[in-house]
Amino acid sequence: MSISPIKKVAVIGAGVMGAGIAAHVANSGTPVVLLDIVPPNLPEGGDRSAIAKGAVEKLLKADPAAFMSKAAAKLVTPGNIEDDIGLLADCDWIVEAIIERLDLKQSLYAKIDAVRKPGSAVSSNTSTIPLDKLVAGLSDAFAADFLVTHFFNPPRYMRLLEVVAGAKTRPEAVSAVSRFADHRLGKSVVACKDRPGFIANRLGVMWLQAAVVEAFDLGVAIEDADAIIGRPFGIPKTGVFGLLDLVGLDLMPHVNASLAGALPAEDMFHAMNRPAPLIERMIKDGYTGRKGKGGFYRLNREKGKVKEAIDLATGDYRTQRKADVPALGDAGRSLGKLLDHDSLHGRYAWNVMGRTLAYAALLVGDAADEVDAIDEAMRLGYNWKKGPFELIDEIGVDGFVARLEKAGLPVAPILRTAAGKSFYRIENGRRQCLGLDGAWRDVVRPEGVLMLADIKLSAQPILKNGSASLWDIGDGVVCFEFTSKMNALDPDIIALLGKSIALVKKSYKAMVVYNEGSQFSVGANLGLALFAANIAAWPEIENLVASGQATYKALRYAPFPTVAAPSGMALGGGCEILMHCSAIQAHAETYTGLVEVGVGLLPGWGGCKELLRRWTAHGRLPKGPMPVVGKVFEMISTAQVAKSAAEAKEMMIMAPTDGITMNRYRLLADAKAKALSMVEGYAPPEAPTFVLPGATARSGLNMAVAGFARLGKATPHDVVVSDEVAGVLSGGDTDVTTPVTEDRLYELEREGFMRLVRTPGSLARVEHMLETGKPLRN
Amino acid sequence: MPLYKAPLRDMRFCLYELMDGDALTELPGYEEFGRDLVDPVLEEAAKLCEEVLFPVNRSGDEEGCAYENGVVRTPKGFKEAYDQFRDGGWTSIACDPAYGGQGLPFAVDTLITEMICSSNLSFGMYPGLSHGAYVSLSGYGSEELKAKYLPRMVEGVWSGTMCLTEPHCGTDLGLLRTAAVPNGDGSYAITGTKIFISAGEHDLTENIVHLVLARIQGAPKGVKGISLFLVPKYLVKDDGSLGARNGAVCGSIEHKMGIKASATAVLNFDGATGWLIGEPGKGLNAMFAMMNTERLAVGMQGLGLAEVSRQNSVLYARDRIQGRSISGTKAPDKAADPILVHPDVRRMLLTQRAYIEGCRALGQWVATSLDIAKHHPDAMKRQEADDLVFLLTPIVKAFMTDVGSEVTNLGVQVFGGHGFIREHGQEQYVRDARITQIYEGTNGVQALDLVGRKMPAHAGRYLRRFFHPVQAWIEANMENEALAEFVQPLAKAFVRLQQATGQIARVGMAKPDEAGAASVDYLRLFGLTALAYLWGRMVEVSLPKIGTDEDDGFYAAKVATARFYMERLLPETGWRFSNIMAGGKSIMAFPDDAF
């Protein structure tokens, strides 16, 4: 019996995880039923589905947002398990995410089994109970459709999904769920063995415990601990104590106890699972982290928002200080030097990371079969930049083993296997990883995945300069990649883009604008622009604006299709380039908008023009030029940013025909496919003309802004900036009887931009943004 | 015998006509400093400098200071001159009225500093160092220390020093070793050796207050571990009277190329009692407060020496007859024409004049900005002015002392063989000027400060305070035909400066050696352009006044000097620019062993 493709999903248990999973299923455009129990002691006439409904309400207010759009929220049908169990009958996948109690789970499975359609997949989101215990006593037919799907919190944003198949689970059930999770939910599926904590939490909890216990034992200040067990190892800067504050201190004793209960006596974890009286006291007093009164760090509001950190020795809060770790300076970028540093901090680094990496090696063959599964789990489950085996490679396998032996820590068999080698290597342009048997095998991407990083292993760029590269990605398609810091747009990028367009015209079929940075582009390089403004190099700045416009325009009217494929932030000039491509194929997690007013400027690379064009062409607004101008003015003058690709569609930054890719790994392949689909018979768009209202609209918009200023909602410089934005959007000195050309709008943008960049208010905004990362409200 | 006459006419021009000296009275704290008060002060200062300080300048140079058993004797006449200087209240003019000072604006004080440096730089070192110590102590000292020491220092009864340098550590203060050990009563025992301490020991004042950089026991290595201490020569009792001799003793004084009447001491601290100024480990902050004002003052030293050398050059060129003009006899009644008629002598005199008047304007711009930075009620204005002072400080220090050296050398050249003879005084100015390019941070260090610190700070915000007004002035006067011959060369130099700035910012970010290799040329380019801007503005002020009642030939000379500057000095920006754009490869690629 084959498993049908998943078209409808049910989630049972509307707690944080269950509700979050349901919301994310809805984000994929799939209808989802969310059930929980009938509230106990419900008064007569009370809502029997109140728990699930309440969960949906909470989801709508969640920050960061759980839903990608308002439309997604409508796909969730809340209900209760007693009255609505029948809703499961047409679901293709049923996810159980209730409390971690075997008896309750098993009785629920019996109920599910009674109504579910044959061949539907059932999975548990358990993080602690082994699969074989969950299906014990249940029918073989149920066990055949049953698996563990372990999501990470928050389900929308964490890309890891650990999947465990039991001995009886049919491969089809695993592949159907995995396929849906990959393509529709955008998850990276890592196959785990049925072992406690699976991979990420097994290792992650060990790591956290080791870091806490060693900090207590050695007397390391928590700021220093987070500075050591953080950035230097490619671990997020929250480090350990900052992370615990985020997840909640109260969670740890439960997780520790369940892991300890399930792991064999000889497991290394037990030595690190020691009670910490201070933490117990903190939990008891409500200091459970950010959700409570504070955690290891807190903001003391009584003292006027003073940041404080706890002193592990005394248990008292004191003023938070900057980390002071001379070992980091001495070690430079060498992890080996840091681990060997003869200092308190060096010992701490070794005791924590040496132990963690030793443990990671022991998990090979136990929690997972392959080292790259463990690396992927830590990268995506804990946001480490490098997995544990990539870290060991950096330290050097032999050196690491020698240190383990000296420290009396266990040396896992895989480390012996890797003696004299490394865990990863590049061979014939392919990335390979070392197997338990000592043989090298290719690191295989899921089918259909295309990554620039892989292409780079065996190719040289067609064109390249300091800030951008052009790659051949096959089938006549090229990929234009930004390579500058934060992918900020600078003259080099504009220059190479111009060259690339000319080259593609001659020798290729289509172009994709894509990169694999964490942000697509944060916009123009403000540092360069501010420096130029500070030395009054006005012609240079004007040239930068004009050449950007000319190049973006060339992109738009190129005789071949161009597809922008953003992921992460695409702001300012990064948003404008999207709108100048023939089409957009965006990762679902794309955050885009014209944010220039935040730095006192206006979109000068055709952003004003493009939004006007898009709203005129596709927007469902009342007739006449004024509603479009008003709408676009609102977006630009308040620097609205779409919080997802779905929202970008609502905001018309993306057109209705543009595509959304849920899985980050599949973005380039989707963009390339889209580009190729457009090649045949491709004709560049016609140049638009605009009917714009002119000066009357400008003064109308200014009056509205003046009103906000009186209410204190707009600052004095907002008024200045908004006026220039209004001047461009209303078409300058035109009126409705005279059509405005595209080139005239480019010109208006340029003029407005040049006036603003000369104002001290705008320069102060740019400087403030560069120095603090926050907008200045002047 | 050399002469000196304070250039009050040009000083007033800078203060009141080029800058808006009358507007100083609008700044809180400066209400009373109108012309009716300032003009007499300047005249009195001129008189003092011409009649009291100048006459002991050359004799002081000849005699030098004498050292014997830890005691230093200043040259004959210095003590008497100092008494007059102090009794006239000149030690207190630029100090806070809260400590008995007169609170004179920097714009005015700067002019007086120039006069002192012209008339007798060695003498000026003594009150100059006191003022530096005053700035640090008043900015960072505890109320108790300030109350105990400042009034007497302001009064000039006690003097001050700044003790930074040690035998093994000059520019790199992170290396310093002088140790401070807590005595348990809040004071510290200071032990170590300091060298090159100007005014470190002398017979002009009753007490000397040394400000000493030292490392508290257990403090970290490098500059973070440095603290600043107050160590008096004589301990001061609670009633303010002098007590026991402290363990800070002068071991010897240096034998120097110039400023020979300024005592440059080796000071040995042997468990001397000292008190912490400011916070532990923050010694450099307090020191740099002093350093910044001192760097401006050193720039004025360069200017002062240039001015006195120029005055004597002009007198000599008028007086000395030698040869005939190559275009025909100019003084048929004499045996020969005065050398003033010869083109190259005129070139030298004009070079001196154009640099000096330009630098005086530059000094005045910075001093006025400093007044605004300290006194303006609007925080934004204060910050803008402060930014400009930060930016221009290394230029004032290095450019103006380089000019001092060049101009005093020309002063010797105009005199011919007599310039080489001590009795004529011109050679002393060359020797005295030489140190100004070295101390308070060598001019190379100033250039690094400009490209390494001032340029990149806040993505170039300090630069904005210079580039924007200059650009705005050029734009405003582009169409002005009368100014065209001045605006166009300025605009050309300004574009070079912009391009060089962009180039250094771009390349220097990735390759610091490139920025370092360009730095000295860049500072010079910057200084030349700044002077061109100020010359443009001086012409703008002067042109309308030519031929009016106010005119006494002064304005026509201004415009003519400006023309010389634009045509004959500003073009140096071309080769400086070429140097910068050539990059540092030929400098850095040279093998170390081959030097």
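This is a predicted model: local features need pLDDT of at least 70, side-chain atom pairs count only at pLDDT 80 or more; totals for chains, interfaces and linings use all residues.
Chain A is divided into four parts, of which domain 1 spans residues 9–192 and domain 2 spans 200–434, whereas domain 3 is made of 452–594 together with 640–683, and domain 4 of 604–639 together with 686–778. The C-alpha centres of domain 1 and domain 2 of chain A are 31 Å apart, and between these two domains 11 residues of domain 1 are in contact with 11 residues of domain 2. On the domain 1 side of this contact, strands β7 (160–165) and β8 (188–192) of chain A each contribute at least two residues, with β8(A) giving the most, namely 4 residues. By class, that side of domain 1 comprises 6 nonpolar, 3 polar and 2 charged residues.

In the pairing of β1(A) with β2(A), A:Ala10 has A:Val33 as its bridge partner, and the chain passes from β1(A) to β2(A) by way of helix α1 (residues 16–27) of chain A in a right-handed β-α-β crossover. In the pairing with β3(A), the bridge partner of A:Leu35 is A:Gly79.

A further sheet of chain A is open and contains 7 strands in the order β15-β16-β17-β18-β19-β21-β24, with mixed pairing. Its edges are formed by β15 (463–464) and β24 (659–661) of chain A, each of which pairs on one side only. At the β24(A) end of the order, strand β21 (residues 583–587) of chain A runs parallel to β24(A) and is joined to it by 3 bridges, and within this pairing A:Gln585 is the bridge partner of A:Gly659. Helix α22 (residues 491–507) of chain A lies across β15, β16 (468–472), β17 (477–482) and β18 (510–514) of chain A and runs at about 25 degrees to β16(A). Helix α29 (residues 667–679) of chain A, in turn, lies across β17, β18, β19 (562–565), β21 and β24 of chain A, and runs at about 155 degrees to β18(A).

In chain B, helix α11 (residues 443–454) has as its buried residues B:Asn443, B:Gln446, B:Ala447, B:Leu448, B:Asp449, B:Leu450, B:Val451 and B:Lys454. These buried residues of α11(B) pack against α9 (379–414), α12, α13 and α14 (512–542) of chain B.

Between the two chains, 13 residues of chain B are in contact with 11 residues of chain A. On the chain B side, α12 (461–477) and α13 (484–510) each supply at least two residues, and the largest share, 6 residues, comes from α12(B). The residues of this side of chain B divide into 4 nonpolar, 7 polar and 2 charged.

Definitions and conventions. Residues are numbered from 1 along each chain as its sequence is written. Chains are lettered from A and ligands numbered from 1 in the order in which they are written. Two residues are in contact if their C-beta atoms, placed from the backbone, lie within 7 Å. Ala, Val, Leu, Ile, Met, Phe, Trp, Tyr, Cys and Pro count as nonpolar, Asp, Glu, Lys and Arg as charged, and the others, Gly among them, as polar. Two strands pair if DSSP finds at least two bridges between them. Axes are lines fitted to C-alpha atoms, for helices over the stretch in contact, and angles run from 0 to 180 degrees between N-to-C directions. Domain bounds come from an automatic or database domain assignment. A crossover is right-handed if, with the strands pointing away from the viewer, the path from the first strand over the helix to the second runs clockwise. A residue is buried if 20 or more other C-beta atoms lie within 10 Å of its own, exposed if 12 or fewer, and partly exposed in between; C-beta atoms are placed from the backbone.
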